[in-house]
Amino acid sequence: MKTTTRLGRRTLLKTAGATAALASAGTLVPAGFAIGQAAKVKIGLMLPYTGTFAQLGQAITDSFKLAVEQRGGKLGGREVEYAVVDDESEPAKAPENANKLVTRDKVDFLVGTVHSGVAMAMVKVARDTDTMLVIPNAGADAATGPLCAPNIFRTSFSNWQPAFPMGKVLADRGIKRAVTLSWKYAAGEESTNGFKEGFEKAGGKVVKDLWLPFPNVEFQPLLTEIASLKPEAVYVFFAGGGAVKFVKDYHAAGLRQSIPLVGAGFLTDGTLQAQGEAAQGLETTLHYGDRLDLPKNKEFREAYRKMTNREADVYAVQGYDAGQLIAAGLDAVKGDVKARKDLVKAMETTEIDSPRGRWTMSKAHNPVQDIYLRKVEGMENVVIGVAHKALADPARGCKMT
Ligand code: PHB
C-alpha cells in the first residue's frame, strides 16, 4: 500500500511558529496533542491511481481538492490534511488499505472509491468502526441498499440508476431483442440488471448476457458471438481504459452499422480523446453531460480546466460534490466532527449545487438526480434529452437505523 500524508508548507511553518511561541511563553503542551494538527480535519482519499481506473481516481482527487481550495483550503473552518492511498481497484487489498486509514491515520472522513468491490470493503470498515464514508463513484447497490447506514453517503449513483432508464429508451424505439456484455463483478452485474429491468418492463427481451472478468479486455471472441446472435442492440458496462479499448474494438469489428451499441454513460465519459472516431454518435445514459447549460457547470469546468489542464468529466463532478457535501456537513457543526448527529443531519438535508444540476440526498443517502440521454459529438457527451427525471434508487433492503 502506498500512503502519503501531505502537509502544506504554510501549515508546517505555522505549526512550527505556534510551537515556538508556546515554548517561549513556558506553556505546557498536553501530551499527545500535536499543535496545529489537532485543528485540521483529516480526509482519507482511497482511490485508484494505477490500473484501468487510474484516470478516474485522479479526476476525483483533483476535483475534491478544487472544492476545498475554493473554500480557502478549509472545510467547516478547519484546515484540511490528506492521507492518500492507491487502492489499485484491488478488492483483495481493500480491507487493509481502509483499516490503515482509519486506525493508523485516524481520518475523520474516508473518501472513496471507484471500484464497487473495493467500495464494499470500505463500507464494511466504515460500519465496523463508525467512520464517516463518502463514496464519490462506486455504484455498488448494497452501499445505499441493505448496507445503508447513517455514516455512509454517496455523491455519485447506484449501479442501477443510470442503467434502468436506458431500457425504456431502447424499447420506446421499438427494439425488442438485446444482448448485454459487461465485466463480471458487482458494477457490471448490477448495471446489467438495471438495464434488463427497464427494458423488459417496457416490453423488450434480453436474449443473452455475455461476460468477461474485470479488468480483462480480450473482447474479440465476444464480438464474434454478438455478430452471430444478431440482436437489435447491445447494452454494455465498461469504464476507464477498458471502455476505450471496447469502443475501438466494436468499431473495428464493423458492428457499429448493423447493431446499435448503448451503455451506461461511463462508456464514453473521460474517454473521448482516446476513443476518437470510434465513439462518434454513441448514445448513453448518465447523470451528467459535458455541455449542460447551467452557470454552475460552466464555472466548474473552467476552474477544473485551469487547475488541471484537462476537461472535466462525470468523475470530476462526483469528486467535487463529495467536497461540497462534506463542506455542508462541517459548516453546519463549525468543524466539530464529534457533533455526529448534527453533521449527518446537515449532510442528509443539504441541496448540492452540482455541475450536473441541483440534487438532494435520498433517505438511503444516494443522490436523487436526473438521468440524461447523451450523444457523442466530437469530444463531448451532448445532452439530447432527459431519460428519467429526478430518479431515486429503489434502495431495496435499506433500513436506516
Ligand atoms: C464501479 O465499480 O462501481 C464503477 C466503476 C467505474 C465506473 C462506474 C462504476 O465508471
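Here are some numbered notes on the structure above, from the whole protein down to single residues.

1. **What kind of model this is.** The model is predicted: local features need pLDDT of at least 70, side-chain atom pairs count only at pLDDT 80 or more, and totals for chains, interfaces and linings use all residues. Residues are numbered from 1 along each chain as its sequence is written, and side-chain values use heavy atoms, with hydrogens and water left out.

2. **Overall build.** The protein has 12 helices and 16 strands. Both kinds of element are DSSP runs numbered from the N terminus: helices are H or I with at least four residues, and strands are E with at least two. Along the principal axes, the C-alpha atoms fill a box of roughly 80 × 45 × 40 Å.

3. Of the 401 residues, 55% count as buried. Buried means under 20% relative accessible area, exposed means over 50%, and partly exposed is in between (1.4 Å probe, protein chains only). The accessible surface comes to about 16,400 Å², with 54% of it belonging to carbon and sulfur atoms. Those areas come from the Shrake-Rupley method with a 1.4 Å probe, and for residues only the protein chains shown count as cover.

4. Take the contacts with a separation of 6 or more: 70% of them are between residues 24 or more positions apart. A contact here means heavy atoms within 4.5 Å. As for charge, the mean positions of the 51 positive and 44 negative charges are 2 Å apart. Lys and Arg count as positive, Asp and Glu as negative, while His and the chain ends are not counted. Each charge is placed at NZ of Lys, CZ of Arg, CG of Asp or CD of Glu.

5. **Helix α5, a well-covered one.** How many of the 13 residues of α5 are buried? The count is 11, so this helix is mostly covered. Among them are Trp160, Phe164, Met166 and Leu170. What do the buried residues of α5 pack against? Their partners are α6 and the strands β10, β11, β12, β15 and β16. The helix runs over residues 160-172 and reaches 19 Å from its first C-alpha to its last, close to the 18 Å expected at 1.5 Å a residue. The expected span is 1.5 Å times one less than the number of residues. After α5 comes Gly174, whose phi is positive, near 85 degrees.

6. **Helix α8.** This helix covers residues 240-252, and its end C-alpha atoms are 19 Å apart, in agreement with the 18 Å that its 13 residues should span. Its buried residues include Val244, Phe246, Val247 and Tyr250. They pack against α2, β8, α7, β10, β11 and α9. Just after α8, Gly254 takes a positive phi of about 75 degrees.

7. **Two cis peptide bonds to look up.** A cis bond joins Gly112 and Thr113, with omega about 0 degrees. Thr113 sits in the loop between β5 and α4. The bond from Phe214 to Pro215 is cis too, with omega near -5 degrees, and Pro215 is in the loop between β9 and α7.

8. **Positive phi without glycine.** Glu88 is not a glycine, yet its phi is positive at about 60 degrees. Glu88 lies in the loop between β4 and α3 and counts as partly exposed, at 28% relative accessibility. Lys106, in the loop between α3 and β5, also has a positive phi, near 50 degrees. Is Lys106 buried or exposed? With a relative accessible area of 58%, Lys106 is exposed.

9. **Asp87, a buried loop residue.** Asp87 is in the loop between β4 and α3, and its relative accessible area is 0%, so it is buried. Which residues does Asp87 touch, not counting those up to four places away in sequence? They are Met46, Leu47, Pro48, Asn97, Thr113 and Val118. Met46 is 41 residues from Asp87 in sequence, but the two are 6.0 Å apart in space, C-alpha to C-alpha.

10. **Gly188, buried in a helix.** Gly188 belongs to helix α6 and is buried, with a relative accessible area of 0%. Leaving aside neighbours within four places in sequence, Gly188 is in contact with Ser182, Trp183, Trp211 and Phe237.
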